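These are my notebook entries on one structure that I looked through.

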Amino acid sequence: KPMVVTMCNILHRPVLPHIGLGVQPSLVLTKLCIEFAITRTDQLSLVIGNISSLLKTGGILIAMGALNESFYMLGEQQFPALALTRELMETALEEAGMKM
């Protein structure tokens, strides 16, 4: 089966404006994406909804990340992050019409 690995912008819809997948995938995998793309909890439901818009009905979102991290380092530069908790993710998933 084909697999696409690409850059995207989860803050905007469409998330993948530069390519056409042709079909909606049944699985989307993110790794250290959500918590480092946003810094406010009010953005969380938006980005979960944007990501879930990629999925076909009944599709699966696998979001691998770091809980309770408020920043990350790249060399000597510190960048802000949203300190995600399980509860925040559960609420955002529910608001986006998804379930854990």
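**Backbone entries**

I looked up Asn68 and found its place in the loop between E2 and strand E3 (71-74), where helices (H or I, at least four residues) and strands (E, at least two) are DSSP runs, numbered from the N terminus. Before going on I noted that this is a predicted model, in which local features need pLDDT of at least 70 and side-chain atom pairs count only at pLDDT 80 or more, while totals for chains, interfaces and linings use all residues. I also noted that residues are numbered from 1 along each chain as its sequence is written, and that side-chain values use heavy atoms, with hydrogens and water left out.

Asn68 has a positive phi of about 60°, although it is not a glycine. With a relative accessible area of 53%, Asn68 is exposed; the scale I used calls a residue buried under 20% relative accessible area, exposed over 50% and partly exposed in between (1.4 Å probe, protein chains only).

I then turned to Leu32, which lies in the loop between E1 and H1 and has a positive phi of about 50° without being a glycine. Leu32 is partly exposed, at a relative accessible area of 43%.

I wrote down a cis peptide bond that joins Arg13 and Pro14, with omega at about 5°; Pro14 belongs to the segment before E1. As a reminder to myself, most residues other than glycine have a negative phi, and most peptide bonds are trans.

**Helix H2**

How many of the nine residues of helix H2 are buried? I found seven of the nine in this helix (residues 44-52), so H2 is largely enclosed by the rest of the structure. The buried residues are Leu44, Val47, Ile48, Gly49, Asn50, Ile51 and Ser52. Their cover includes strand E1 (27-31), helix H1 (34-37), strand E2 (60-64) and helix H3 (86-95).

**Aromatic rings**

I looked for aromatic pairs and found that the structure holds two, taking rings of Phe, Tyr and Trp (its six-membered ring) to pair if their centres lie within 6.5 Å, with planes under 30 degrees apart counted as stacked, over 60 as edge-to-face and the rest as tilted. The rings of Tyr72 and Phe79 have centres 5.2 Å apart and planes at 20°, so this pair is stacked. Tyr72 counts as partly exposed, at 31% relative accessibility, and Phe79 also counts as partly exposed, at 29%. Phe36, Tyr72 and Phe79 form one aromatic cluster.

**The whole chain**

I listed three helices and four strands for the protein, which follow the pattern β-α-α-β-β-β-α along the sequence. The radius of gyration is 14 Å, close to the 13 Å that the globule rule gives for 100 residues, so the protein is as compact as a globular protein of that length; the radius is taken over C-alpha atoms, and the rule is 2.2 Å times the number of residues to the power 0.38. Along its principal axes the C-alpha trace spans about 40 × 30 × 20 Å.

Of the 100 residues, 26% count as buried. Among contacts (heavy atoms within 4.5 Å) between residues at least 6 apart in sequence, 65% join residues at least 24 apart.
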